[in-house]
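The following exercises concern one protein model. Please work through each task before reading its solution.

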Amino acid sequence: MPWIYLAIAGLFEVVWAFSMKQSEGFTRPGPTAVTIAAMIASFALLSLAMKSLPLGTAYTIWTGIGAVGAFLVGVAILGETASAMRIVAALLIVSGLVLMKLSSPA
């Protein structure tokens, strides 16, 4: 169950990053509310995952899901550049996440 909590927490991190961008510096109430709600959900689920997962593993995977997810949302939805170097960087992050998961005792 902690891995499921962690995966969902990472997805909520992507949601809050995207909605923060859409909030335009917290000047738009709707996206601002989504940002705050998604942050709370993300942190709460991360906290549940950390009850049984090692700190380094949980935090690294949470931030990795957020980073790669935000990159993908930026490219797919916001039209940001998907250069070869950015794609390689995202693949390296994913590789690190897989290694972190494989090395985790939980």
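Buried means under 20% relative accessible area, exposed over 50%, and partly exposed in between, with a 1.4 Å probe and protein chains only. This is a predicted model, in which local features need pLDDT of at least 70, side-chain atom pairs count only at pLDDT 80 or more, and totals for chains, interfaces and linings use all residues. Residues are numbered from 1 along each chain as its sequence is written, and side-chain values use heavy atoms, leaving out hydrogens and water.

**Exercise 1.** State how many helices and strands the protein has.

Solution. Helices (H or I, at least four residues) and strands (E, at least two) are DSSP runs, numbered from the N terminus. On this basis there are four helices and zero strands. Their order from the N terminus is α-α-α-α.

**Exercise 2.** Identify buried residues of α3 and the elements against which they pack.

Solution. The buried residues of α3 include W62, F71 and G74. Contact means heavy atoms within 4.5 Å. The partners of the buried residues are α1 (2–22), α2 (29–49) and α4 (84–102).

**Exercise 3.** Is E24 buried or exposed?

Solution. E24 lies in the loop between α1 and α2. Its phi is positive, about 50°, although E24 is not a glycine. With a relative accessible area of 52%, E24 is exposed.
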